[in-house]
Amino acid sequence: MTEKKIYTQNRELSWLRFDERVLEEALEENVPAFEKLKFISIFTSNLDEFFMIRVGSLYDQTFLPKIPVDNKTGMNAAEQLNEIFKAVKPLYAKKDSIYRKVNEELGRYGICHVAMTDLGEKEKKYTEEYFASNIQPILSPQIINTHHPFPHLINKALYVTVLLKINEKTAFGIIPVPAGIDRIVRLPGENVRYVLSEEIISEYAQNVFDNCRIISKSIISVTRNADINVSSLADEDEDFRHYMKKLLKKRSRLAPVRLEYSEVLDSRLEKYLSEKLGLQKKQIFKATSPLEMSYVFRLMDMIPRDTASAVSYEAFEPQAPYWMGRKEPMMNKAVREDLLLSYPYQQMNPFLQLLKEAANDPRVISIKITIYRLAGKAALIDHLRTAAENGKEVTVIMELRARFDEANNINWSESLEDAGCTVMYGLPDYKVHSKVCLITYMEKGRLKHITQIGTGNYNEKTARLYTDLSLITADETIGKDAAEYFKNISISNTGGHYSNLLVAPGNMKQTLLMLIEREKEKALRGEKAEIIIKINSLTDRETIDKLAAASQAGVKIKMIIRGICCLLPGIEGYTDNIQITSVVGRFLEHSRIYCFGKGDDMIMYISSADLMTRNLSRRVEVACPIKNRKIREQVMEILDLMLADNVKARQINSLGYYEKIASAKTVTDCQNELIKRSFYQAVGSSDALSKGTAKIAGPCEKKRLAEIISSIRGALTERKKK
């Protein structure tokens, strides 16, 4: 009997391959030098979160009486952890190598992270004086002994650890790197040469422990399990917001899952730390590049403007869509026709303007919205507060369990309540991850709705960095569904009947599986069958098996999956009709789009949900059909460009690894092309268009762009006449 071929891979190993793909962007010639440094920083923070959440979760599973098994590979938690630790080791070496190359490249522009051993005499004197006056007075060093027990090492904080000789006896010491000091210490001179504060502390540690001799020293960082369980309350009568505040304090004290050290770690120090932290050797990782790299985004502020333009992407401002040029209220625009915003190519302002108008419009009775993540400063909150103060019913479903945004959401919920908004915290067993806003108003004695449904958060900062879609519609069937949705959330009902919307965990997964089956049946009848899906992650086993079955029936399946992908394409007899690409570029691909069928037969949705078991079964998510022909064409234009990308796209092979796409005569960078088109399709002043050309066009493209712009100006003129 022939063994059945496996067409799935482990979720965690797939994610590590994706993060490696992010790191490799720092090797691409078409990425500016400072942007390469950002990609290394993003890779590092991604890996930090992976250990805190995914490794932390697997670590917890090893203590369960019955350990769960991965339904893609059959591995238990301990086996997965072993594979993860083996896969991560070479990533550190790869990061270190790439960091050295990027630092050398930036050095040609006068930007250089300098090793303490490479400082000149004047620079050494400067750092010593800087240490004495700015750092040493606020240090809290500690020798560990019976009177000074081993301290709690804060999650992802930096420490200088030392092995000491005191009166012929060895001892261990530790110096926490103060969180309040500047990480970047710029050296004197015109160029941006710098060292990091932890490196200075390590260099002059002997000045701290001046009553003993340092035998060895190292910079270290501990990563702790941050996968806190918020699914059940200690006391059912306890206020959920108060409970979340208490729970967040526990995050920094959970079990260690990783120890990182810089350069060298004496074997005696390693053994001592391993015992105190309860870590095995396989959980200890060496790096020669910085252990924590969030400082990179502040470094740009030190770089002269002329140099900054040479080492980073050209500035891009999201554009206003052409329909914003009409001098009429946003509410009127939304009532007249469906509107689509494509972030970050277009501004979020039209939606914010809609909310602002609704907050002050006497016809508006209520505004209801779900919130998952917000920026530190949010105009959206101001408009909701204004609406409540104007006597409108404002209901906010605020998800306090949005990981690492819990504290921010707690603060916003208090601010909204103070203004008179009704704030709810979702459902006890389900995170509310949907992106829905419903404006209800009275017109000629009848209730009417304007509904906004998106693929991404109402976050004014990430809307400039993440690609997302936002539909604004006055379709009454969608509006009634949205009203039903908010009613159901308010009464903790995860079911409900919807005529248009797909809502998880109720009808979404079932409907998506039916639509995949529909295409399969078409293929078996000899009809053309096609599925195009754009998501961030694919892990749900039932969905994977359904897609594989459709592939075997002859359905052509094209998927754009940015991150985790547990489905292996191109396996003969199983998934050979499935093509999967991943796009990693200037902007984070975040939109979710499902398309089943072709042409007029196509059923298209935009959604907040990835095809993950957690999204489809353990979260509240919403998918909205795109009915308007013009908007369907806009969405297909985005998908076609992404599928044609041969610059930033990588194809996943049958082993789960990323491969570059073979070069073609036409070079397509989908994000760059969408930037160009955002200028063409913007509110059409000649000035804006010409500026757009200057920003995006190379010399070889200017003639072609001029022709396109000329035709667009003509079209805009005709539109104004009509």
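**Close-up views of strands and cysteines**

**View A. Strands β3 and β4 side by side.** Strand β3 (residues 158-166) pairs with β4 in the antiparallel sense, with eight bridges between them. Strands here are DSSP runs of E, at least two residues, and helices are runs of H or I, at least four, numbered from the N terminus; two strands count as paired if DSSP finds at least two bridges between them. This is a predicted model, where local features need pLDDT of at least 70 and side-chain atom pairs pLDDT 80 or more, while totals for chains, interfaces and linings use all residues. Residues are numbered from 1 along each chain as its sequence is written, and side-chain values use heavy atoms, leaving out hydrogens and water. Look for Tyr159, opposite Pro176 in β4.

**View B. β4 and its partner β2.** Strand β2 (residues 142-144) runs antiparallel to β4 (residues 169-176), joined by three bridges. Ile144 has Phe172 as its bridge partner in β4.

**View C. The open sheet.** Three strands line up as β1-β6-β5, with mixed pairing. At the edges sit β1 (111-113) and β5 (184-186), each pairing on one side only. The parallel pair is β1 with β6 (residues 192-196), over three bridges, and Ile111 stands opposite Val192 in β6.

**View D. Cysteines without a bond.** There are zero disulfides (cysteine sulfur pairs within 2.5 Å). For Cys566, the closest cysteine sulfur is in Cys565, 7.0 Å away, so that is too far for a bond.
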